[in-house]
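Here is a short briefing on one protein structure. Keep the sequence and the 3D view open as you read.

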Amino acid sequence: MPIIEIDENSGFCFGVVTAIQKAEAELEKSGSLHCLGDIVHNASEVERLRLRGLKTITHAELERLHDSTVLLRAHGEPPTTYATAERNNITVIDATCPVVLRLQLRIKQAYEDARRMLESREIKEMPLFVIYGKEGHAEVNGLVGQTDGTAIVIQGPADLDGIDFSRDILLYSQTTKSLDGFRNIVEEIKKRKTSGKFEYFDTICRQVANRLDKIRDFAATHDAVVFVCGAKSSNGKVLFEECRKVNPRTYLVSDGSNLDMSLLEGAEKIGICGATSTPRWLMAEVAQAIK
């Protein structure tokens, strides 16, 4: 019988935990609640909460919704979402992660300061606001919204080709991106900068970033690793690849039902881990399925 171990450092980050606690508290009280987008990028957890009365809605549906209560998840939202809620008499339960909220306020303040300086002619043109992150990701949409939609999103060095390096540049990062990736972007911009200022701000969440080293260590100490996460999880894709680099016998599953048990043959020590969007109960179910 192989030893099966669940990684104690895997599972929800505190931002997701808070969002789910707020959702559950409202569901306990009223029995129903709308959530703008999936509360977490994990289909199993979304389904668990749906059965309790949580209804996931889109931004288009929010526009048509009136006199209701809506939870804003940990990823955060742009100012336009709050304006829609106020216009439609919607009560907002704001579960934006504190780390994301601080970043939003930081970008918003820098953008407003730059606008004032432009109007007073202290500067000749607005600096470029650049965000290292995943295009279209909910958190990134919220960050871009702090600049009236003018920020440029880059996903890697190749996206830098369209940037005017003669202008002042302010670089920020989506909170769940890798530190190494951010540092590579910083060095690449430094190489290409021809004139003007370049300021960069390491805005990556350390609770997420520190999981990289821990999950590498975990993967290295097991014969085989089962990585549990939803298909929509950006963080999950990064952590899974890091596990696989360390341990080629790392297998990605969304739950215990889609795991090919033959892949684990001969493994005496099996590790189970997951993303910041993977619930502990789901990893426990996968462990039970293997047993």
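This is a predicted model: local features need pLDDT of at least 70, side-chain atom pairs count only at pLDDT 80 or more; totals for chains, interfaces and linings use all residues.

The largest pocket has a volume of about 280 Å³. The structure also holds 21 salt bridges.

**The largest pocket**

- The lining of the largest pocket is made up of 14 residues. Closest to the centre are A114, M117, P127, L170 and E199.
- Two elements, helix 5 (98-119) and strand 8 (169-173), each give at least two residues to this lining.
- Helix 5 supplies the largest share, with four residues.
- Sorted by class, nine lining residues are nonpolar and five are charged.

**A salt bridge between R52 and E28**

- R52 pairs with E28 in a salt bridge, with the closest N and O atoms 3.4 Å apart.
- The two partners are 24 residues apart, so to find them you must look in distant parts of the chain.
- R52 sits in the loop between helix 2 (43-50) and strand 3 (54-57), while E28 belongs to helix 1 (residues 14-30).
- R52 is partly exposed, at 33% relative accessible area. E28 is exposed, at 63%.
- Both residues also belong to a network of salt bridges that links E24, E28, E45, R48 and R52.

**A salt bridge between D38 and K232**

- The side chains of D38 and K232 form a salt bridge, at 2.8 Å from N to O.
- D38 is in the loop between strand 2 (33-36) and helix 2, and K232 is in the loop between strand 10 (224-228) and helix 10 (234-246). The pair therefore ties together parts that are 194 residues apart in sequence.
- K232 is exposed, at 52%, because exposed means over 50%.

- E187 and K190 meet through their side chains in a salt bridge, at 3.7 Å from N to O.
- Both residues lie in helix 7 (residues 179-192), three residues apart, so about one helical turn separates them.
- An α-helix has 3.6 residues a turn, so residues three or four places apart point the same way.
- E187 is partly exposed, with 42% relative accessibility. K190 is partly exposed too, with 40%.

**S277, a buried serine**

- S277 is found in the loop between strand 12 (269-274) and helix 11 (280-290).
- With 6% relative accessibility, S277 counts as buried.
- The side chain of S277 makes a polar contact of 3.2 Å with the side chain of S233.
- Which residues does S277 contact, leaving aside its neighbours within four places in sequence? They are F12, V40, H41, N42 and S233.

**Helix 6, an enclosed helix**

- Helix 6 (residues 138-145) has eight residues, and seven of them are buried. This helix is therefore largely enclosed by the rest of the structure.
- The buried residues are A138, E139, V140, G142, L143, V144 and G145.
- What covers the buried residues of helix 6? The cover includes helix 4 (79-87), helix 5, strand 6 (128-132) and strand 7 (152-154).

Methods. Residues are numbered from 1 along each chain as its sequence is written. Side-chain values use heavy atoms; hydrogens and water are left out. On a 1 Å grid over the protein atoms alone, a cavity is a set of points where a 1.4 Å probe fits but cannot get out, and a pocket is an open set with protein on both sides within 12 Å along at least five of seven lines; lining residues have an atom within 4 Å of a point. Grid points are joined across faces, edges and corners, and a volume is the space filled by probe spheres set on the points. Ala, Val, Leu, Ile, Met, Phe, Trp, Tyr, Cys and Pro count as nonpolar, Asp, Glu, Lys and Arg as charged, and the others, Gly among them, as polar. A salt bridge is a side-chain nitrogen of Lys or Arg within 4 Å of a carboxyl oxygen of Asp or Glu. Buried means under 20% relative accessible area, exposed over 50%, partly exposed in between (1.4 Å probe, protein chains only). A polar contact is a pair of N or O atoms within 3.5 Å; within protein, one must be able to donate a hydrogen and the other to accept it, and residues adjacent in sequence count only if both atoms are side-chain atoms. Contact means heavy atoms within 4.5 Å.
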